[in-house]
Amino acid sequence: MLIKTTFAALSLAALVSFPLSAQEATMAETFDPIQLSSDVPVPSEDGTVNIDGLEMYYQVHGEGEPLLLIHGGLMTIDAWGPILPALAENRKVYAIELEGHGRTVDLDRPLSMQQFAQDVSGFIEQMDIGPIDIVGFSMGGGTATGVGVLHPELVKSLVVISASHQPDSIWDSVRAGWPYMTAEMMEGTPMLAAYEAVAPQPERFAGFVDKIRESMVSEEQSWTDEQIASIPVPVLMIIGDTDLIQFDKALDMYRLLGGQASTGPMGPDLNLARQFAVIPGATHYDIVFKTDLLLPLIDGFFAAQANS
């Protein structure tokens, strides 16, 4: 059985990429998200796991080796679109919703990448599914990176899509609008519609947006260069050729991880545990819907680690 859903391929980084003079307008009036329709399978299992008081919502799809999916900011599980069922054809996919997102009600505390990473680590431990392969998009990619930093023993490998660790990795023109983000601007957008469709307490949306805004404008670096360099597990970084993440920032993170390290006259040695890919014709808004390009990269990366 399939549920038909329409969602914008949006993420936290793209929330307020309009001029500051538009701050009084709604997002629906100033931003034209890509509307994409996809078939989202009904999970074989769903529920919540209590992690230090947070009731984190999750779904399970498919059978096989476990794989964890972490969505982007202001998104829900449904926003994964066709990549979720494609991965679930050969893997047991655990898809979660982070604090404040979708069906996971936020607690009385600030939101941060560090807290998200601790929560995800707690989920892996509670479900007893580690070490596990993790795929994270945008804010979810930063969260996945954090699990690799804080609890590498819980991670088998990481796929980080459209994310880098520096606070200025996203274009200045995008970040300039973040301080003006409000819940009122979300009126008429897929983000609000998706939240209201599944949230147990939809009246919390305004407070949730305020928390997201505060976490975005803090300019706090979630993970230091030293922490990135310390990640011991295999990592595949994927970015769109027209992404919100700047190439030089993503490459800096890749090199911190040990990618493109050259020790001889023939250039860098091949290291299948440190991979970097650019998806052509892909923006931050639609990259996860490029299933025909993403799936071979992800499957090939996992296969390379299994054969190493």
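**Second largest pocket**

I sorted the lining of the second largest pocket by class and got five nonpolar, three polar and five charged residues. In this sorting Ala, Val, Leu, Ile, Met, Phe, Trp, Tyr, Cys and Pro count as nonpolar, Asp, Glu, Lys and Arg as charged, and the others, Gly among them, as polar. The model is a predicted one, where local features need pLDDT of at least 70 and side-chain atom pairs count only at pLDDT 80 or more, while totals for chains, interfaces and linings use all residues. Residues are numbered from 1 along each chain as its sequence is written, and side-chain values use heavy atoms, with hydrogens and water left out.

I noted a volume of about 190 Å³ for the second largest pocket. Its lining has 13 residues, and Arg-91, Asp-133, Asp-299, Phe-302 and Ala-303 are the closest to the centre. Helix 2, strand 8 (155-161) and helix 10 (291-306) each give two or more residues to this lining. Helix 10 supplies the largest share, five residues.

For terms: on a 1 Å grid over the protein atoms alone, a pocket is an open set of points with protein on both sides within 12 Å along at least five of seven lines, a cavity is a set where a 1.4 Å probe fits but cannot get out, and lining residues have an atom within 4 Å of a point. A volume is the space filled by probe spheres set on the points, which are joined across faces, edges and corners. Helices (H or I, at least four residues) and strands (E, at least two) are DSSP runs, numbered from the N terminus.

**Cavities**

I found two cavities of 30 Å³ or more. Helix 6 (190-198) and helix 7 (205-217) each give two or more residues to its lining, which has six nonpolar, three polar and no charged residues. The second largest cavity has a volume of about 30 Å³, and its lining includes Asp-106 and Arg-204.

**Hairpin**

I looked at strand 3 (residues 45-51) and strand 4 (residues 54-61), which run antiparallel and are joined by seven bridges. Strands pair if DSSP finds at least two bridges between them. Gly-47 has Tyr-58 of strand 4 as its bridge partner. Two residues lie between the strands of this hairpin, and Asp-52 in the turn has a positive phi of about 50°.

**Confidence**

I read an average pLDDT of 88, with 87% of the residues scoring at least 70. Over residues 1-37 the pLDDT is below 50. pLDDT is the predictor's confidence in each residue, from 0 to 100.

Key
Contact means heavy atoms within 4.5 Å.
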